[in-house]
Amino acid sequence: MGRITLDKVTKSFGATEVIPPLDLTIEDGEFTVFVGPSGCGKSTLLRLIAGLEDVTSGQIRIDGQDATMTPPAKRGLAMVFQSYALYPHMSVRKNIAFPMKMAGIDEAEQNRRIESAAKALNLTDYLERKPGQLSGGQRQRVAIGRAIVREPAAFLFDEPLSNLDAALRVGMRMEISELHKKLATTMIYVTHDQVEAMTMADKIVVLRSGHIEQVGSPLELYHSPRNLFVAGFIGSPK
Ligand code: ADP
Ligand code: MG
């Protein structure tokens, strides 16, 4: 399960309200992309969902349960950070095992999940290597592997490919989409890249100055942008 509901959620930093009251529902299994220009609040919104920031007001529900005050580790969500968040001195296997070790999962179960994640991510031959011996794309896959083994209700990605060069980015986009098909788990993916949004999303949430301009499928936004901002951002001819 992985249905996430935001009900009149706001966020202020000091006197500055960066998220005015916002309502949003993300359906179980959906690939939702938050898109919008730099500074529009994409990361803040994702961090609120993850619990890495406290909401100023409003409610966040995960699978119907009020999670507004739930600490990040107990929300059952996995945030995928950029590849540099790996431990350089640990092997790929140990990097992937780390969150399970912290959660007290027994070793047999750890190994089962590692093998299964490695298979899904084509990392089976790299488990004993250190992150420094991997390519950028492989390191990114390890970061995703570390999220998969926690069997989260949803994956949260914040511009995970921004450190990779253009060619690798295209490949990784396809891999993440493939993974979404395989796992059928809710994914929320933040990007300022329209192409990424249009090619990966089931549902796109277009943000501007902390509020939602429009929500819809890539085709809906392309054919029926609500205003010039959305049209300009999505690159449609309106
Ligand atoms: P995006 O990810 O879309 O680029 P952010 O969510 O990072 O945007 O930022 C949205 C707004 O909130 C920006 O104006 C940013 O300066 C502000 N902001 C983000 N985090 C903080 C913080 N910890 N303290 C103060 N202002 C912040
Ligand atoms: Mg950001």
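**Reading a fold, step by step**

Author: Let's start with one residue: Lys8 is exposed, because 12 other C-beta atoms lie within 10 Å. The cut-offs are these: 20 or more other C-beta atoms within 10 Å of a residue's own make it buried, 12 or fewer make it exposed, and anything in between is partly exposed, with C-beta atoms placed from the backbone. Bear in mind that this is a predicted model, where local features need pLDDT of at least 70 and side-chain atom pairs count only at pLDDT 80 or more, while totals for chains, interfaces and linings use all residues. Residues are numbered from 1 along each chain as its sequence is written, and chains are lettered from A and ligands numbered from 1 in the order in which they are written.

Reader: Where is Lys8 found, and what is its phi?

Author: Most residues other than glycine have a negative phi. Lys8 has a positive phi, near 50°, and it is found in strand β1 (residues 4–13). Strands (E, at least two residues) and helices (H or I, at least four) are DSSP runs, numbered from the N terminus.

Reader: What is the phi of Glu159, and is that residue buried or partly exposed?

Author: Glu159 also has a positive phi, near 40°. Its place is in the loop between β7 (154–158) and α5, and it counts as partly exposed because it has 16 C-beta neighbours inside 10 Å.

Reader: How do I read a helix? Which residues of α1 are buried?

Author: An α-helix has 3.6 residues a turn, so residues three or four places apart point the same way. In α1 (residues 42–50), the buried residues are Lys42, Leu45, Leu46, Leu48 and Ile49. They lie on the same side of α1 because they cover an arc of only 155° around the axis, an arc taken from the directions from the helix axis to the C-beta atoms. Just after α1 comes Gly51, with a positive phi of about 90°.

Reader: What surrounds ligand 1?

Author: Among the residues around ligand 1 are Phe13, Val18, Lys42, Ser43 and Thr44; here a residue is near a molecule if its C-beta atom, placed from the backbone, lies within 6 Å of it. Helix α1 gives the most to this shell, with three residues.

Reader: And which residues touch the most other members of the largest nonpolar core?

Author: In soluble globular proteins, nonpolar side chains tend to be buried together. A nonpolar core is a set of buried Ala, Val, Leu, Ile, Met, Phe, Trp, Tyr and Cys residues joined through C-beta atoms within 7 Å. The largest one has 60 residues, of which Val33, Phe34, Val80, Leu156 and Ile188 touch the most other members. Helix α4 (residues 136–148) gives the most to this core, with five residues.

Reader: Last one: what is the order of the strands in the open sheet?

Author: Strands of a sheet pair through backbone hydrogen bonds, either parallel or antiparallel. Two strands count as paired if DSSP finds at least two bridges between them. This open sheet of four strands runs β2-β1-β4-β5, with antiparallel pairing. Its edge strands, β2 (16–26) and β5 (65–66), each pair on one side only. Two bridges join β4 (residues 57–62) to β5, and Ile62 has Gln65 as its bridge partner.

Reader: How many residues lie between β9 and β10 in their hairpin?

Author: Two residues lie between them, and Ser209 in the turn has a positive phi of about 45°. Five bridges join β9 (residues 203–208) to β10 (residues 211–216), and these strands run antiparallel.
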